[in-house]
Amino acid sequence: MRLIKQLVAVVAVTALGGVAANIVGGNGVFALLAGLITATLTLIVYRAVVRRTEHRPVVEVSSAGALRALSLGALIGIGLFCLSIAAIALLGGYTVDGLGSPGALLGLLGLMAAAAVTEEVIFRGVLFRVVEERTGSWIAMVVTGLAFGLMHLLNPNASLFGAIAIAVEAGFMLTAAYMATRRLWVPIGLHFGWNIAAGGVFSTEVSGADTPQGLLDATMSGPVLLTGGDFGPEGSVLSIAICILAGAVFVWMAHRRGTILPPRNRRQVPEASLPALSEG
């Protein structure tokens, strides 16, 4: 029941944020404000509903060290996308033709902030965390990763391969980042950094969402396996490989920190200690 209550509360805020984004349209300043308000309200509502339904400190969104973790995650996300787009460019799949629409970058900042926060709260904060308590980390990662990928089939330029790619690269990497830190801040920052670099700076398609042009006027061309086609670089085999490697590093960190949970029936720690694990 708590899963339903938490999902309904967070999805309601997400839906209202989507309505607000449609109302402000392409106005950069208002789109930025709408996105930041949506992101902030999502975190406030998540904290409130989890505290009410689980009667514990909501340590995964604790303010302690939040800015540092968000910044670190964003830098990693930007770096990973830059590495991906550089590899694609070296193979002739990406070229820059000039400046695009610098003003649109403001709106994209808001859009990507809202997307990063709402999706991470829904998929890592609610779904993964609750499913993990019963099934353990690995099964929860597979289940929520597939759900994350399938959600992207709703995007205008979606493809089945793109959805599978998102499930493998983002579902694995972002979940591993949460497992390693037991906080939502690094996954949110990583998600935001990747998306803002992709859409806001390099003006590529982001998950087939018909993303507006960003800072650069750029063209992608070549085999779909290289460029990701209409889905964007997330559908590129190069991006998949890079994100899997990054996810493997986070899994290694989680293993070293002892934050990977086995299934409940093989767990040696009492149920009451699970919130304490989330604080590590």
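My entries follow, one topic at a time.

**Ground rules.** I am working on a predicted model, where local features need pLDDT of at least 70, side-chain atom pairs count only at pLDDT 80 or more, and totals for chains, interfaces and linings use all residues. Residues are numbered from 1 along each chain as its sequence is written, and side-chain values use heavy atoms, with hydrogens and water left out.

**Annotated spans.** I checked residues 135-154 and got 80% helix and 0% strand, with the end C-alpha atoms 28 Å apart. For residues 184-202 I got 89% helix, 0% strand and 26 Å between the end C-alpha atoms. Helices here are DSSP runs (H or I, at least four residues), as are strands (E, at least two), numbered from the N terminus.

**α3 against α9.** I looked at how helix α3 (residues 66-90) packs on helix α9 (residues 237-257): the angle is about 150 degrees and the axes are 9 Å apart. Axes are lines fitted to C-alpha atoms, for helices over the stretch in contact, and angles run from 0 to 180 degrees between N-to-C directions. The contact (heavy atoms within 4.5 Å) uses I76, L80, L83, S84, A87 and I88 of α3, and L238, S239, I242, A246 and F250 of α9.

**I196.** I found I196 in helix α7 (residues 185-201). Is I196 buried or exposed? Its relative accessibility is 7%, so I196 counts as buried (buried is under 20% relative accessible area, exposed over 50%, partly exposed in between; 1.4 Å probe, protein chains only). Setting aside neighbours within four places in sequence, I196 touches L105, L108, L109, M112 and V201.

**Aromatic rings.** I searched the whole structure and got five aromatic pairs. Rings of Phe, Tyr and Trp (its six-membered ring) pair if their centres lie within 6.5 Å; planes under 30 degrees apart are stacked, over 60 edge-to-face, the rest tilted. F123 and F148 have ring centres 5.0 Å apart and planes at 70 degrees, so I logged the pair as edge-to-face. F123 sits in helix α4 (residues 104-135) and F148 in helix α5 (residues 137-151), so the pair ties together parts 25 residues apart in sequence. Both F123 and F148 are buried. I also noted that rings of F81, Y94, W194 and F202 pair up into a cluster.
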